[in-house]
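Hello,

Here is the structure for you to take over. Please open it first, then read my notes below it.

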Amino acid sequence: MTYHRPEFRHPDLPTNKLGYTRKQYEGAISTLCAGCGHDSISAAVIQACFDLSIEPHKVAKISGIGCSSKTPTYFLGNSHGFNSVHGRMPSVATGANLANRDLIYIGVSGDGDSASIGMGQFAHVVRRNLNMLYLVENNGCYGLTKGQDSATSDIGSAGKKGQPNLFEPIDLCTLALELGATFVARSFSGNKEQLIPLIKAAISHSGFAFIDVISPCVTFNNTSTSTKSYEFVREHIEATGKTDFIPVQQEITADYEEGFTEEVTLHDGSVIHLYKNDESLDLHNRLSALQAIHKCKEKGEILTGLLYLDPDCEDLHEMIATVETPLRDLDETALCPGSNPLDAINESLR
Amino acid sequence: MQQIKSVNDFVIRFANTNGTGSASANNLFAKTIFRMGIPVSPKNIFPSNIQGLPTWYEVRINDKGYVGRRGGVDIMMAVNPQSIAQDIKIVEPGGYFVYDNTKSLDMRLHRDDITILGIPLTDISRREYTDARQRQLFKNVIYIGALAALLDIEFDVLKGLVHDQFKGKEKLIAPNIHALELGYQYAQSNFDCPLGIRVERRNMVDGHILMEGNSALGLGAVYGGASVVSWYPITPSTSVVEQFEKFAKHLRVDPESGKNNYAIVQAEDELSAIGMAVGASWNGARSFTATSGPGVSLMNEFLGLAYFAEVPTVLFDVQRAGPSTGMPTRSQQSDLLLAAYASHGDTKHVLLFPSTPKECFEMGAASFDLADRLQTPVILMTDLDLGMNEHFSEPLEWDDANVYDRGKVFSEAELEAMSERYGRYLDVDGDGICYRTYPGTHPTKGSFFTRGSSRDEYAKYTESSEEYVINMKRLLLKWETAKNYVPKPEIRPASESTRDGMIYFGTTTASAEEALDILRDQGTHINALRVLGFPFNADVEEFIDTHDRIFVVEQNRDGQLRSMLINECEINPKKLKALLCYDGLPVTARWIIEEITNSEPTNNVVPFSKEVEV
């Protein structure tokens, strides 16, 4: 790992609408293994937030425990972060989001954190359609405890420990679709052309946006026998298509590439273009997404890209009718009823 | 046989079957007596079941104002054949056993030392009503009518209450009053009314209210400014959040938009419930969750995180009888050690011990100030008895001059004006409490990473032993600071000088105070201290130091408060005598008196071994 990063940056680094360079979106130096897929995901988050001209301090980063959950330290250093307890990021994110609906919430989790210890919380945060980006950095193993199989590991896949996994893998995208997620995508840490627009679209989505990012573990699960190695994933990847994300502020040019087949306008007015590889995929149909995932799986392929999207959904705040003002900004005048109503309350108890 | 004679001082118990609508009829009884100006204390003793099992309702009536459980039953209103054998056994000699004699009493159960009165409740009900559910419901109202005649209850007060209870459902008023009259007339024409035990109007209520502690807690949380509430249903805490919601719907809706100035989420489990509370508090909202012992067990990991990462968190623990599932509908004070030292590693948590609904309201609201001030979990310890029973309480009051204490939080302007580096865990004031910032406050200053792992004063991850120890020591300093913020104990001096003391807390209070008065009248003098918070402040240690023998009365098997006193204070454990009642029912004054009396010799003289001040 790198332990020193020079402060110097090219003086002509491009700036975004806020006048910030990419540097304002960086975090602390990563302490993960050299070549870890997770670092590429952090870089993609940085790029996406820079491109979207998001004010870094208006983002809250929340994670659980594990290699993946360490990464929020390594991006958006001017954002508050919360590295909570194993498998419980969704509940912390839910509470945080309820307290202040105006921030952007990026939750980072791993396959152990979400598909095992935190399976319950994962399922329920999906059901509540919490407005957040939920990233799973999926490497098929427990990195921090040195390479045990995780619940997303494929049958027969073997990491550095050498024992093939015996048990059915959990597909978090399939599960998210079943549970009612309103934005579901899969990507690969080695494919930033695909990942960055997906992260941008997910952040712009007003509701629960789930991205399962396959992110090989270079140290424990990058073997020739593993189905989550760089080599295997590169050879077996398929994409639903090429995704273009056009933020609301940007003028939409009519310069569509050939093969463009579907356009989705998000709640905030930004637009996603998908250049589909398979005409039968309907982004607004869960069944279609599930079929596409299964079809690929049967062929031994991994389907990536945007899989499903419901841009007109109600998020948790809308469902429970909370006020527009962030709850944490309310003071005594809105929160405390004062002595007046107590007379009537006391009287009703006599 | 010497019949018990008493005006306004007796215990009546109703033996019912749950799910038959007896609760509202019995409540009618208690509230009528309350409205006659006499202090009452009703207690539900109910099964963990929805329909068909025995359930009891015990009402203490006492015009001296003693509203703890006394012990013993003077009148049994027996309506449940399932439990009749045990019900008749526990009636005090000279007492009364009123029962439904539609089916005559098994002669083997007969007792010569009590008065047995039979009322054919089922028969009367069957004659009067055709609908099966009505027969069941009105049977309860009929026996209340009969008791009104037997105990000299003012029938107009009873009728007035029926009018109040069915406001909005006026059609039900006349049939209910008719049922009351059926019972009243039967008793008048068949028995010599009133009995030797009876009630008589007094003026002892003086603005008091009858309220469940859980309801008061829910309202306290509304007043305290809680805006994010997460919870998972568990007896006996469920009604805390239900009541919060009920009050919030009236008191917390934005008049302009009609939208809610609060959010409630029913979580998937207790881990998630506390996780949401921690997340919301971290993000600057006031938040709480309510649970009972099994929930606290599950919440341990998050409580440790909130302690170590210093996130204000409010938790209401409505205790029930453990361990494990225990007796889920019975009361105990047995989560003290669990709550005080929840989670792995060196952790300790601030606890609050209310003993009345008024205190539930006030401490419930104040717990948010305390959590924000101390930036740590605050666990308010109540129990099933306080939470789910109506208690005779002083009315609720709120001082409009109250301003929320949000503790040490840097605003955007303060951050902007700062020239030095911001350190989340930097003890600037020397009291162990550092300055927080809410996420999203300032573009470039004040952001930090919250974590459950070790960090330095600037919230940067570290594995440095020195930094770790500095942080742990500062948390201890904060613990010392907390002693100045938790409520001080309440001292109740004896009328004569004594070296004997008694310590109690929460729902033990009412029974303990009655016991102390009776013991005083018998010539035994004991100074008393009621603990209201943890960590124990200096007054608690001083009380222990100035007594030679101290009875610690609590409702658990292992003397948990006693263990905490020994653990936290520099004292001789032998001084602390454990008085432990843990059968799941609220402790009685009689039991305390008996325990103290049996622990002779009492010690009202300065012991020989001590130097006598001249």
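Start where the two chains meet: 47 residues of chain A are in contact with 55 residues of chain B. Please keep in mind that this is a predicted model.

The largest share comes from α3(A), with 8 residues. By class, the side of chain A that touches chain B holds 22 nonpolar, 19 polar and 6 charged residues.

β2(A) also deserves a look for its pairing. This strand runs parallel to strand β17 (residues 449-451) of chain B, and the two pair over 3 bridges. To find the spot, go to A:Gly81, which stands opposite B:Phe449 in β17(B).

Now chain B by itself. Chain B is divided into four parts:
- domain 1 (6-198)
- domain 2 (211-393)
- domain 3 (408-471 + 479-485), which is given in two segments
- domain 4 (490-598)

I looked at one pair of these. The centres of domain 1 of chain B and domain 2 of chain B, taken over C-alpha atoms, are 35 Å apart. Their contact takes 10 residues from domain 1 of chain B and 8 residues from domain 2 of chain B. What classes make up the side of domain 1 of chain B that touches domain 2 of chain B? That side has 6 nonpolar, 3 polar and 1 charged.

Over to you.

Best wishes

Technical notes
Residues are numbered from 1 along each chain as its sequence is written. Chains are lettered from A and ligands numbered from 1 in the order in which they are written. This is a predicted model: local features need pLDDT of at least 70, side-chain atom pairs count only at pLDDT 80 or more; totals for chains, interfaces and linings use all residues. Domain bounds come from an automatic or database domain assignment. Two residues are in contact if their C-beta atoms, placed from the backbone, lie within 7 Å. Ala, Val, Leu, Ile, Met, Phe, Trp, Tyr, Cys and Pro count as nonpolar, Asp, Glu, Lys and Arg as charged, and the others, Gly among them, as polar. Helices (H or I, at least four residues) and strands (E, at least two) are DSSP runs, numbered from the N terminus. Two strands pair if DSSP finds at least two bridges between them.
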